[in-house]
Amino acid sequence: MKKKNVFSGIQPSGRLHIGNYVGAMRNMIDLQDEYFCIYGIVDYHAMTVRFDPEEMTKSIFNCTIDYLAAGIDPEKSILMLQSTVSEHTELAWVLNTITPIAWLTRVPTFKEKQQDNPNYLNMGLLDYPVLMAADIILYKAEVVPVGEDQLPHLELTREIVRRFNSYFGETFPEPKEKLGAVKKILGLDGVNKMSKSLDNCIYLDETKEEIWKKLSTAVTDTRRKRRADPGNPEDCNIFTMHKAFSKKEDIDYCARECRHAGIGCLDCKKILLDNIVAELKPIQARRQELLKKKDYIYEVLHDGTIRAKKIAHKTMDEVYERIGIKLYHNAGQNKLS
Ligand code: ADP
């Protein structure tokens, strides 16, 4: 039986952090055997905020390495750079024409970005979810591994799919999200989502010392004022991180001992540190190896473009047929009579 398709993307807007890893990447890695996976480094999305072109070049390279080091296997899955498959923006335009503006202005991430970047409100920010819908349905993906913050975008994708199918005939499946076991990790501030755009991350390539420097000062349960106070693991971002990285014994131990002040926050953080480092160590070792293979990285992306384009071209052919312009796209082959 033909495998179902999966699509997911990560923006090359900085180094990957443990939120990306836990929220999306682990599932992206795990799904590779059961599904046919297409993974994108979504550079067009990263252009919706001010960016430095030189940094963009570097970030794309580093993001590719991070994907491969974490366990994305280009023999099994397609790994490609979004802007090299022009069908993403071609389909986004078609979808733009059937998406009411009101659907986009109500998206929570747009409202947040509007507040964060009042001086850089560009069309791309508003249109971001339409491009994301195009990214997914271009490959007729049925499953999308993402973190919780992406749920409104997935819902919008389904609405756009329903509208396209009802206007032009059944063409696209409605994609479903695949959330990580831990859906959202907050940043070191314990308030905001851990995010590349905020300086509140633990990055996949950090050393044990660097991670400890951050973890040791990270915000915990704010109700626990002193070491002697009992804590509330359910209100602590460090405990959420334990759930993402630690073995059951450690999770149970930290929850139990925190609740009666048997351990302090620093003790709990030290256990977490060891568990994060244990998981990141092999990824970092592979990363070091990949850094020596520059040509291989370009080859992977080039191969990904070629393979993704084949699928994308087929879908666009179908879309052009549905919307009545295919004849003109094939004008060179078919006589226009
Ligand atoms: P960022 O928000 O850091 O710029 P992206 O937008 O590129 O990251 O997100 C890539 C993937 O990582 C998405 O599926 C997103 O849901 C997931 N993700 C990002 N931050 C977190 C987080 N703090 N917790 C869980 N998942 C996250």
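Me: How far does a polar side-chain atom of Lys196 lie from an oxygen atom of the ligand?
Reply: The model is predicted, and the distance is computed from its atoms. A polar contact requires N or O atoms within 3.5 Å. For Lys196, the polar atom belongs to the side chain, and its distance to a ligand oxygen atom is 2.9 Å.

Me: Which part of Gly147, backbone or side chain, lies 2.8 Å from an oxygen atom of the ligand?
Reply: Gly147 is among the residues that come nearest to the ligand. Its N or O atom at 2.8 Å from a ligand oxygen belongs to the backbone.

Me: How far apart are the C-alpha centres of domain 1 and domain 2?
Reply: The domain assignment gives domain 1 as 5–184 + 294–336 and domain 2 as 208–289. Contact between them involves 12 residues of domain 1 and 11 residues of domain 2. Their C-alpha centres are separated by 33 Å.

Me: How much area do domain 1 and domain 2 bury between them?
Reply: Carbon and sulfur atoms account for 60% of the buried area. The total between domain 1 and domain 2 is about 970 Å².

Me: Which residue meets Asp66 in a salt bridge?
Reply: Side chains of opposite charge can pair when their charged atoms come close. Across the interface of domain 1 and domain 2 the rule finds 2 salt bridges. For Asp66, the N to O distance is 2.8 Å, and the partner is Arg287.

Me: Which helix gives the most to the side of domain 1 that touches domain 2?
Reply: Across this interface, 6 residue pairs are in polar contact. Helix H1 (18–30) and helix H3 (53–70) each supply at least two residues of the domain 1 side. By class, that side has 8 nonpolar, 1 polar and 3 charged residues. The helix giving the most, with 6 residues, is H3.

Me: What separation within helix H3 do Lys58 and Glu55 have?
Reply: The structure holds 25 salt bridges. In one of these, the side chains of Lys58 and Glu55 meet at 3.7 Å, N to O. Because they are 3 residues apart in helix H3, their separation is about one helical turn.

Notes: Residues numbered from 1 in each chain as written. Predicted model: local features only at pLDDT ≥ 70, side-chain atom pairs only at ≥ 80, totals over all residues. Heavy atoms only, no water. Domains from an automatic or database assignment. Contact = heavy atoms within 4.5 Å. Buried area = accessible area lost by both parts, 1.4 Å probe. Salt bridge = Lys/Arg side-chain N within 4 Å of Asp/Glu carboxyl O. Polar contact = N/O pair within 3.5 Å; in protein donor to acceptor, adjacent residues only side chain to side chain. Helix = DSSP H or I, 4+ residues; strand = E, 2+ residues; numbered from the N terminus. Nonpolar A, V, L, I, M, F, W, Y, C, P; charged D, E, K, R; others polar. Near = heavy atom within 4 Å.
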